[in-house]
Amino acid sequence: MKKRIGILTSGGDCPGLNATIRGVAKALYQRMDNNVEIIGIANGYSGLINGDYRVMQPYEFSGILTVGGTILGTKRTPFKLMRVIGDDEVDKVSAMKKNYKEMKLDCLLCLGGNGTHKTANLLSEEGLHVIGLPKTIDNDIYGTDVTFGFHTAVDIATESIDRVHTTAGSHSRCMVVELMGNKAGWLTLYAGIAGGADIILIPELPYNIENVCAAITKRAEQGKNFSILAVAEGVYDVEEAKMKKKERAAKRAEQGITTATHRIAHQIEEMTGFETRFCVPGHMQRGGSPSPYDRVLATQFGTYAAKLVEEEIYGVTVAMNNNQVVANRLEDIAGKSRLVPEDHGMIHVARRMGLCLG
Ligand code: F6P
């Protein structure tokens with residue numbers, strides 16, 4: 001009997017999804033020869049809910065190592081709505097279980113971030129055979145040192161910082177670069193250090209605008225005519241840190257802003273006199289070809305998932321621990337996220353370099 005393996009990509013895309021899909025597929029065909037059939041499920045859990053899937057052919061996994069995005073398509077299907085029956089009256093969990101059965105799957109591989117893993121765990125609790133694979137440029141999946149997509153995003157974000165560096169110097173300006181990361185500051189911290197930012201602001205460390213401006217003024221006193229700020233999109237200041245999410249959003253709406261970045265730019269101009277610009281690389285950070293690092297990581301993770309399939313180890317997700325690829329139980333990691341700890345080595349590096357962290 002052929003094994004039938006379903007595969008889906010859910011949540012925001014990132015470079016390395018196709019490389020991982022390829023790693024899984026090639027290793028499965030290699031290990032099981034003709035005894036495996038791969039079913040591609042379209043647009044994440046949405047395709048599983050709606051029965052949008054097809055049997056894929058081995059040739060479809062060739063030539064995709066370097067291709068960004070996902071050949072399967074993806075969609076955000078929020079975990080918190082999985083058990084909520086909406087206007088369409090579809091019971092999403094029952095529909096996913098029904099389609100899993102109809103597809104005659106032996107196992108379902110779910111490539112995604114935190115939300116995807118919560119739903120993967122829910123399906124596993126419901127008795128389906130599920131294996132997760134950790135993707136996200138945010139690098140915030142609990143239990144793994146790294147996720148695929150992260151290092152490519154660091155490369156892109158670093159290049160953005162490099163490019164504003166030269167224009168900041170030419171114009172004697174402050175440049176504020178807003179990087180992705182609503183809750184986790186890994187991307188901003190790594191790209192900030194790699195790009196030589198002078199000030200790095202991350203959501204885990206609420207900032208004080210006085211400290212930020214003091215750092216800029218101090219640099220000016222040392223004859224430095226520009227400053228570069230790497231700012232995570234989810235940052236907030238020490239006052240906002242005391243507020244609930246809704247209260248913070250209401251205050252920002254009053255101020256006519258959504259993210260802190262342009263408020264920071266405005267405050268810097270007012271308080272230091274430095275002409276200041278902000279720029280937002282946005283989804284460029286998630287686009288394009290994966291870096292060689294991510295291609296290798298994706299292949300390590302994908303081939304390991306194939307091994308788990310063959311050994312029938314389910315209810316787990318692939319992870320990297322101290323340079324070893326391992327499997328973590330979904331129930332141990334779902335619903336937790338991995339944020340930058342205050343005493344993380346990279347925070348110490350930044351402080352030793354004299355960078356301002358807000
Ligand atoms: O989770 C990845 C991520 O890129 C976050 O860094 C960012 O806040 C979010 O997705 C953006 O989501 P969307 O693509 O839905 O706008």
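Visitor: What kind of crossing does helix 6 make as it passes helix 13?

Guide: Helix 6 passes helix 13 in a left-handed crossing. This is a predicted model. The two helices pack at an angle of about 35 degrees, with their axes 11 Å apart, and helix 13 covers residues 345-352.

Visitor: Which residues make that contact?

Guide: From helix 6 come Leu-189, Tyr-190 and Ile-193, and from helix 13 come Met-346, Ile-347, Val-349 and Ala-350. By class they are seven nonpolar, no polar and no charged residues. Tyr counts as nonpolar in this scheme, and Tyr-190 is one of the residues of this contact.

Visitor: Why are helix 5 and helix 6 called oblique to each other?

Guide: Their axes cross at roughly 50 degrees and come within 8 Å. Roughly parallel needs an angle under 35 degrees, and roughly perpendicular runs from 65 to 115. Helix 5 and helix 6 are therefore oblique to each other. Helix 5 passes helix 6 in a right-handed crossing.

Visitor: Where do helix 5 and helix 6 meet?

Guide: On the side of helix 5, the residues are Phe-150, Ala-153, Val-154, Ala-157, Thr-158 and Ile-161. They meet Trp-186, Leu-187, Tyr-190, Ala-191, Gly-192 and Ala-194 in helix 6. This contact has 10 nonpolar, two polar and no charged residues.

Visitor: How do you know that helix 7 and helix 10 are oblique?

Guide: Helix 7 (residues 209-221) and helix 10 (residues 260-272) pack at an angle of about 55 degrees, with axes 10 Å apart. The roughly perpendicular range begins at 65 degrees, and roughly parallel means under 35. The two helices are therefore oblique to each other. Helix 7 passes helix 10 in a right-handed crossing.

Visitor: What classes of residue make up the contact of helix 7 with helix 10?

Guide: Among the residues that meet are Ile-209, Glu-210 and Cys-213 in helix 7, and Ile-264, Gln-267 and Met-271 in helix 10. The contact divides into seven nonpolar, three polar and one charged. Glu counts as charged, and Glu-210 belongs to this contact.

Visitor: Which other residues are around the ligand?

Guide: The residues there also include Arg-76, Ile-137, Met-180, Asn-182, His-283 and Arg-286.

Definitions and conventions: Residues are numbered from 1 along each chain as its sequence is written. This is a predicted model: local features need pLDDT of at least 70, side-chain atom pairs count only at pLDDT 80 or more; totals for chains, interfaces and linings use all residues. Side-chain values use heavy atoms; hydrogens and water are left out. Axes are lines fitted to C-alpha atoms, for helices over the stretch in contact, and angles run from 0 to 180 degrees between N-to-C directions. Helices (H or I, at least four residues) and strands (E, at least two) are DSSP runs, numbered from the N terminus. Angles under 35 degrees count as roughly parallel, over 145 as roughly antiparallel, 65 to 115 as roughly perpendicular and the rest as oblique. A crossing is left-handed if the near helix is turned anticlockwise from the far one by less than a right angle, and right-handed if clockwise. Contact means heavy atoms within 4.5 Å. A residue is near a molecule or strand if one of its heavy atoms lies within 4 Å of it.
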